[in-house]
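Student: I would like a close look at one part of this model, with its surroundings. Please keep the answer brisk and give the cut-offs as you go.

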Amino acid sequence: MLAKILTVFRKDLLIELRTKDSLNMMLFFGIVVLVIFNFALEPIRDSIRSAVPGVLWVAFVFSGTLGLNRMFAAEKENSCLQGLLMVPVDRGIIYLGKMLAATVFMLIAEFVIFVFSLIFFNLSVWAEVPYMILVSLIGTLGFTAVGVLLSAISINTRMREVFLPLILFPVVLPIIINAVEATSVILNTVDYRLLNMPLTIMSVFTIVFTVLAYLLFDYVLED
Amino acid sequence: MNQNGRDRVDAILLALLVTGMILALYMAFLQTPREKTMGDLQRIFYFHVPAGITGLTAFIVNFVCCVMYVIRRNRWWDNLALSSVEVGVMFMTMVMITGPLWAKPAWLVWWAWTPRLTSSLILWLLYVAYLLVRNYVPDPDRRALMSAVFGIVAFVDVPIVWFSIRWWRDIHPSPMLETGGLSTSMRPGLWICWAVFQVLFIYLLRRRFFLESTREEVEWLVRRAETAH
């Protein structure tokens with residue numbers, strides 16, 4: 001099963017490495033969002049560190065949505081989706097492979113956006129980095145778990161790509177809220193025990209969404 | 001059930017509603033005592049709480065319909081799913097309007113970002129998104145399946161709204177029936193308002209469901225007439 005998931009993952013990775021379609025777009029957009037926030041937050045320049053968690057996650061989520069959009073929109077071109085559906089594996093495997101690919105792309109984008117935010121907002125965070133990695137890993141998994149499923153739904157709509165954020169953001173809001181909260185604990189407090197609650201909620205949502213999406217993915221790709 | 005039978009049930013429900021609503025207004029405004037600290041302001045409670053419970057009931061009905069549609073693929077379930085969300089969103093909108101109306105004098109702010117309020121707002125957004133999914137998928141069978149899948153995912157938030165005032169500390173009042181915080185003299189009023197809201201829910205759900213079934217039938221007849229030409 002793992003080998004099959006990795007095959008789907010490798011296919012998406014290979015396409016991305018050759019075209020660099022999504023990743024370029026995601027990185028560029030994420031950085032533009034940071035620049036805009038930099039000017040929006042000018043009045044609170046002195047306490048900007050307290051606003052960084054929210055800014056980071058907005059940038060992560062916006063750039064991630066662009067990446068998720070390409071996930072199935074690209075498959076629609078040249079009827080690649082039909083080819084993918086003819087592969088004799090369980091549809092859940094395709095879902096998990098796609099989710100893995102989306103997570104890896106997002107984590108790469110998040111890393112670059114994070115580095116840029118350190119420069120733009122003059123932050124020093126060495127000690128906090130391991131915790132940041134943990135929070136972004138769980139948050140990103142939760143986001144892509146439901147994002148890949150809804151991305152497959154949105155290609156069925158008349159609006160295609162434009163539609164995804166409309167249905168995705170309300171669903172992932174609980175994860176985003178807790179991710180911002182956890183990031184805020186890491187960057188702005190000393191008591192890391194406060195991390196327990198947001199991390200637990202994020203993990204529960206991630207697991208529930210992954211199981212649901214794994215079971216339901218079969219139906220959204222039906223012809 | 002035939003047309004006549006349906007109409008008769010609806011007529012009985014309507015008569016029940018009219019008398020029930022008059023009784024509920026009497027209970028909420030005249031029969032129940034004035035609250036000690038909040039005064040008459042507290043009376044919005046008799047509309048806010050039943051509307052909230054009814055909204056959540058509607059989303060539970062929708063969840064059951066979504067699961068049944070995925071299993072059975074019968075449009076009957078899809079029509080019921082759509083009807084329950086439309087009615088549920090209406091009740092949740094009532095909750096979101098009566099809440100701030102009460103909060104402004106009681107808390108001095110219209111809105112606070114506490115777990116209960118935030119999760120209720122997310123719930124409202126989720127089911128508006130559900131209606132959006134329905135609007136933007138052109139093919140009826142695809143639409144039914146896509147919205148059923150979305151409905152199942154959206155339902156994850158419903159238990160969170162229910163438990164939010166039980167799990168986390170919140171300035172939103174705690175569940176008073178369970179904690180015994182509600183005076184016994186106020187209970188009959190609340191129960192009657194709740195019952196009337198449930199009847200209203202069933203009535204609206206039935207009307208919306210029959211409308212949707214009729215629309216589907218017309219669609220089918222038009223398609224058949226077109227192929228016959």
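Tutor: First, the ground rules. This is a predicted model: local features need pLDDT of at least 70, side-chain atom pairs count only at pLDDT 80 or more, and totals for chains, interfaces and linings use all residues. Residues are numbered from 1 along each chain as its sequence is written, while chains are lettered from A and ligands numbered from 1 in the order in which they are written.

A:Asn24 is exposed, because 12 other C-beta atoms lie within 10 Å. The cut-offs: buried means 20 or more other C-beta atoms within 10 Å of a residue's own, exposed means 12 or fewer, and partly exposed is in between, with C-beta atoms placed from the backbone. A:Asn24 is in helix 2 of chain A. Helices here are DSSP runs of H or I with at least four residues, strands are runs of E with at least two, and both are numbered from the N terminus. A:Asn24 and A:Met86 are 62 residues apart in sequence and 30 Å apart in space, C-alpha to C-alpha.

A neighbour in the sequence deserves a note. A:Lys20 sits in the loop between helix 1 (2-19) and helix 2 (21-40) of chain A. Its phi is positive, about 55°, although A:Lys20 is not a glycine. A:Lys20 counts as exposed, with 11 C-beta neighbours inside 10 Å. B:Arg73 lies in the loop between helix 2 (45-72) and helix 3 (75-107) of chain B. With 14 other C-beta atoms within 10 Å, B:Arg73 is partly exposed.

Chain B has 8 helices and 0 strands. Its C-alpha trace spans about 75 × 40 × 25 Å along the principal axes. Of its 229 residues, 32% are buried. Helix 5 of chain B covers residues 140-154, which is 15 residues. From first C-alpha to last, helix 5 of chain B reaches 20 Å, close to the 21 Å expected at 1.5 Å a residue. That expected span is 1.5 Å times one less than the number of residues.

Helix 5 of chain B is largely enclosed by the rest of the structure, because 11 of its 15 residues are buried. The buried ones are B:Ala144, B:Leu145, B:Met146, B:Ser147, B:Ala148, B:Val149, B:Phe150, B:Gly151, B:Ile152, B:Val153 and B:Ala154.

What packs against helix 5 of chain B? Take helix 2 of chain B. The two axes are 8 Å apart and pack at about 130°. Axes are lines fitted to C-alpha atoms, for helices over the stretch in contact, and angles run from 0 to 180 degrees between N-to-C directions. Helix 2 and helix 5 of chain B are therefore oblique to each other. Under 35 degrees counts as roughly parallel, over 145 as roughly antiparallel, 65 to 115 as roughly perpendicular, and the rest as oblique. Helix 2 of chain B passes helix 5 of chain B in a left-handed crossing. Left-handed means that the near helix is turned anticlockwise from the far one by less than a right angle; clockwise is right-handed.

Contact means C-beta atoms, placed from the backbone, within 7 Å. Helix 2 of chain B gives B:Asn62, B:Phe63, B:Cys66, B:Val67, B:Tyr69 and B:Val70, and helix 5 of chain B gives B:Ala144, B:Ala148, B:Gly151 and B:Ile152. These divide into 8 nonpolar, 2 polar and no charged. Nonpolar covers Ala, Val, Leu, Ile, Met, Phe, Trp, Tyr, Cys and Pro; charged covers Asp, Glu, Lys and Arg; the others, Gly among them, are polar.

Next, across the chains. Helix 6 of chain A packs with helix 5 of chain B at about 160°, axes 10 Å apart. The two are therefore roughly antiparallel. Helix 6 of chain A also makes a left-handed crossing as it passes helix 5 of chain B. A:Val146, A:Leu149 and A:Ile153 meet B:Met146, B:Val149, B:Phe150 and B:Val153 there.

Last, the whole interface. It takes 19 residues from chain A and 21 residues from chain B. On the side of chain A, helix 6 (129-154), helix 7 (164-188) and helix 8 (196-220) each give two or more residues. Helix 7 of chain A supplies the largest share, 6 residues. That side has 16 nonpolar, 2 polar and 1 charged residues.

How values were computed: Two residues are in contact if their C-beta atoms, placed from the backbone, lie within 7 Å.
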